[in-house]
Amino acid sequence: FFVTSAGETAQQSVSSNVPHNLYPIFLSFMVIGCAVQQSGDGKQVELVSPPADAPIGERVFIDGLSGEPASSTQVKKKKIWESVSKKLKTGERGVATWDGKEVKTSVGVCAAASLVGSPIS
């Protein structure tokens with residue numbers, strides 16, 4: 001969950017097996033999925049969220065892919081995130097996709113509110 005600027009709480013999709021990064025103020029152990037769209041007057045950013053009734057902590061999946069996730073050490077050593085992240089973007093209706101396949105939970109797809117065809121970072 002995160003708290004919106006309006007003080008409401010919302011679910012969020014995150015990748016937690018990425019290598020940690022040391023920022024000037026804190027140590028980060030995850031990546032928050034956001035769709036980003038550049039325009040002449042700036043950037044529009046929307047969070048990629050699971051369906052409201054998705055179980056908290058559930059792992060998302062992509063049809064046709066299986067197996068255990070790589071450890072954060074493997075992700076860093078093999079530069080997996082750099083390769084995988086290039087294929088993440090929003091499709092029709094803002095649905096999160098990887099290599100054209102929908103990112104799903106057991107109760108539905110993960111999606112941005114309105115951005116279509118935007119990279120997810």
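Predicted model: local features only at pLDDT ≥ 70, side-chain atom pairs only at ≥ 80, totals over all residues.

Residues are numbered from 1 along each chain as its sequence is written, and side-chain values use heavy atoms, with hydrogens and water left out.

**Exercise 1. Pair two strands.**
Task: Work out how many bridges join β7 to β8.

Solution: 
- Step 1: Two strands pair if DSSP finds at least two bridges between them.
- Step 2: β7 covers residues 34-39 and β8 covers residues 42-47; they run antiparallel and are joined by six bridges.
- Step 3: Within this pair, Q38 stands opposite K43 in β8.

**Exercise 2. Follow β12 and its partners.**
Task: Say which strands pair with β12.

Solution: 
- Step 1: β9 is joined to β12 by two bridges, in the antiparallel sense, and I62 has V103 in β12 as its bridge partner.
- Step 2: β11 also pairs with β12 in the antiparallel sense over two bridges, with T97 opposite E102.
- Step 3: β13 (residues 108-109) runs antiparallel to β12 and is joined to it by two bridges; here K104 stands opposite V109.
- Step 4: Now look at the turn between β11 and β12: the two strands form a hairpin with two residues between them, and D99 in the turn has a positive phi of about 55 degrees. Most residues other than glycine have a negative phi.

**Exercise 3. Explore the core.**
Task: Which residues make up the largest nonpolar core?

Solution: 
- Step 1: A nonpolar core is a set of buried Ala, Val, Leu, Ile, Met, Phe, Trp, Tyr and Cys residues joined through side-chain atoms within 4.5 Å.
- Step 2: The largest one has eight residues: V48, I62, L88, A96, W98, V103, C110 and I120.
- Step 3: Contact means heavy atoms within 4.5 Å. Leaving aside neighbours within four places in sequence, W98 is in contact with I62, L65, V84, K87, L88 and V103.

**Exercise 4. Track down the salt bridges.**
Task: Find which side chains meet in salt bridges, and decide whether R59 is buried or exposed.

Solution: 
- Step 1: A salt bridge is a side-chain nitrogen of Lys or Arg within 4 Å of a carboxyl oxygen of Asp or Glu. By this rule there are two.
- Step 2: One joins the side chains of R59 and E68 (4.0 Å, N to O). R59 counts as exposed because its relative accessibility is 51%, and E68 counts as exposed at 69%.
- Step 3: The side chains of K104 and D63 also meet in a salt bridge (2.5 Å, N to O). This pair links distant parts of the chain, 41 residues apart: K104 is in β12 (residues 101-105), and D63 is in the loop between β9 (61-62) and α1 (72-77).
- Step 4: D63 has 42% relative accessibility, so this residue counts as partly exposed.

Technical notes
Helix = DSSP H or I, 4+ residues; strand = E, 2+ residues; numbered from the N terminus. Buried < 20%, exposed > 50% of the residue type's maximum accessible area, 1.4 Å probe, protein only.
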